[in-house]
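Subject: Structure handover

Hello,

Here is the structure I promised to pass on. Please open it alongside this note. My findings follow below.

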Amino acid sequence: MLYADRDRIAQDLHDVVIQRLFAAGLNVQSLGRFTTDPLGTARIRAITDELDATIKELRDTIYALRTSTGETDLLSSRIMTTVRKVSRSLSFAPRIVLSGPIDSEVPPDLAKQLIAVVSEGVSNAVRHAKAAEIDVAVTAGGECLSVTVNDDGGGIGKPSTRSGLANMEDRALKLKGVFSVQSVGGRGTKFFWSVPLTPPP
């Protein structure tokens, strides 16, 4: 009964409280577009950082409440860490939206594939797009796990190598999923990767 109660509390924290904090963070971050005042921009950044730190603390609390699954971090935390790591060279932070039971319903093997795809998708946007905005969405639900990476850069054109794109496509096909790229010169690029939550036989 104790473990069941802990799981319920953890689920409520994840599905309600964290999602509200995410929404608040995105709304605060978007205010930066309406001010050129350095002090205002710095204050917005400070509030966003504080919300990010609060979300991390909540995720740590959720992890402590739940029975260990062998992972050192929750998958949602690993996604955020991966995005931050590959986007360090940017002057802005990509927007991240996580939806659905990502921490509880994604199998460990699929989680590894997901992290690799997120890393590759964001890395492509960082290295090649020259974007001013990057949006990352990871969704678990409807029996599917999906990743969408949008940027407003110059498009991918005709890349000299398809290694990164080919890797993402191969990972999708091996898992009976789909991968697509939409890119228009000067209008940005969208990567979409989706696979079944239940591994194929």
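Helices (H or I, at least four residues) and strands (E, at least two) are DSSP runs, numbered from the N terminus. On that basis the protein has six helices and five strands. Their order from the N terminus is α-α-α-β-α-α-β-β-α-β-β.

Two notes on the source. This is a predicted model, where local features need pLDDT of at least 70, side-chain atom pairs count only at pLDDT 80 or more, and totals for chains, interfaces and linings use all residues. Residues are numbered from 1 along each chain as its sequence is written, and side-chain values use heavy atoms, with hydrogens and water left out.

**Burial**

Buried means under 20% relative accessible area, exposed over 50%, and partly exposed in between (1.4 Å probe, protein chains only). Of the 201 residues, 37% count as buried.

Look at helix α3, residues 75-86. Nine of its 12 residues are buried, so α3 is largely enclosed by the rest of the structure. Among them are Leu75, Ile79, Met80 and Val83.

Leu58 lies in helix α2, residues 38-65. Leu58 counts as buried because its relative accessibility is 15%.

**Strand pairing**

Two strands pair if DSSP finds at least two bridges between them. Strand β5 (residues 188-196) runs antiparallel to β3 (residues 144-151), and eight bridges join them. Ser146 stands opposite Ser194 there. Strand β4 (residues 178-184) also pairs with β5 in the antiparallel sense, over seven bridges. Here the partner of Val178 is Ser194.

**Salt bridges**

A salt bridge is a side-chain nitrogen of Lys or Arg within 4 Å of a carboxyl oxygen of Asp or Glu. The whole structure holds three.

Asp52 and Arg84 form one, at 3.3 Å from N to O. The pair links distant parts of the chain, with Asp52 in α2 and Arg84 in α3, 32 residues apart. Asp52 is partly exposed at 26% relative accessibility, and Arg84 is partly exposed at 40%.

Glu133 and Arg95 meet in another, at 3.1 Å from N to O. Glu133 sits in the loop between α5 and β2 and Arg95 in strand β1, so the pair ties together parts 38 residues apart in sequence.

Arg95 also forms a salt bridge with Asp135, with the closest N and O atoms 2.6 Å apart. That pair links strands β1 and β2 across 40 residues. Shared partners join Arg95, Glu133 and Asp135 into one network.

Best wishes

Notes
Expected span 1.5 Å × (residues − 1).
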